[in-house]
Amino acid sequence: MSEVRIAAELRDEFGKGAARKIRRANKVPAVLYGHGTEPKHLTLPGHELLLALRTPNVLIRLHGEGVDEIALPKGVQRDPIKGFLEHVDLLLVKRGEKVVVEIPVTVVGTTNGSAIVDQPLNTLSVEAEATHIPTGVEIDVDGKEEGYVVHAADLKLPEGTTLAGDPEALVLQVIAAPSAGLPEEGEAAAEGETAEAAE
């Protein structure tokens, strides 16, 4: 996984007033914590941070005066109406360290006939090296028929990555399309009505 370098400034002003002042300057207040160290309160450039957060589990290299760390975003607060970043929590990580993260599960391919995919889990909890977090995992349903089931334990994860959640969790199943059988039921009802009318 590639790193995104973002300039960080240490800040010593806190509270809502200070946060509003930071946002007016198109920046975002953030807190860096982890490894038993004192949390560092930072100010980050809004646009660069927004672009970086488009990548799931992005690794951020924070650099600046008094700051030279690698971090993972662990909590992102956005304005519920306008969507801009209000605050970000960052987890300090070290090279070689294992972390537990959620990675996206993507479905590719087309099922056989009218069968459809039911996907209860869109993300999977895994443990991986902080600097080698997989971008996601794919499930190929090409040609699969009704009854095909995938549990978390069935997924082939990248080397160095292990499952952190429930191995029996249902990730995906191929089921009959909801409309299957409806025309027949409709026809049966119509036939019943015709028989009653004939009586």
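**Notebook: strands, cores and rings**

I count two strands as paired if DSSP finds at least two bridges between them. Helices (H or I, at least four residues) and strands (E, at least two) are DSSP runs, numbered from the N terminus.

A note on the source: this is a predicted model, where local features need pLDDT of at least 70 and side-chain atom pairs count only at pLDDT 80 or more, while totals for chains, interfaces and linings use all residues. Residues are numbered from 1 along each chain as its sequence is written, and side-chain values use heavy atoms, with hydrogens and water left out.

**Entry 1, around S3.** I looked up the bridge partner of Pro-29 in S4 and found Thr-43. Two residues lie between the strands of this hairpin, and His-35 takes a positive phi near 60°. S3 also pairs with strand S7 (residues 85–93), here in the parallel sense over four bridges, and Ala-30 stands opposite Val-88 in S7. Strand S3 (residues 27–34) is mostly covered, with six of its eight residues buried. Buried means under 20% relative accessible area, exposed over 50%, and partly exposed in between (1.4 Å probe, protein chains only).

**Entry 2, an open sheet.** Next I traced four strands in the order S11-S8-S10-S13, with mixed pairing. Strand S11 (137–140) and strand S13 (162–163) each have a single partner strand, so one side of each edge strand is left without a neighbour in the sheet. S11 pairs with strand S8 (residues 98–108) in the parallel sense over four bridges, and Val-108 stands opposite Asp-140 in S11.

Which residues touch the most other members of the largest nonpolar core? I found Val-93, Leu-124 and Ile-139, out of 24 residues. Such a core is a set of buried Ala, Val, Leu, Ile, Met, Phe, Trp, Tyr and Cys residues joined through side-chain atoms within 4.5 Å. S8 gives the largest share, four residues. A second, separate core of 19 residues includes Val-28, Val-58, Ile-60 and Ala-71.

My search of the whole structure found zero aromatic pairs; rings of Phe, Tyr and Trp (its six-membered ring) would pair with centres within 6.5 Å, counting as stacked with planes under 30 degrees apart, edge-to-face over 60 and tilted for the rest. I did find the charged end of Lys-144 over the ring of Tyr-148, 5.1 Å from its centre. The cut-offs for a charge over a ring are NZ of Lys or CZ of Arg within 6 Å of the ring centre and within 35 degrees of the ring normal.
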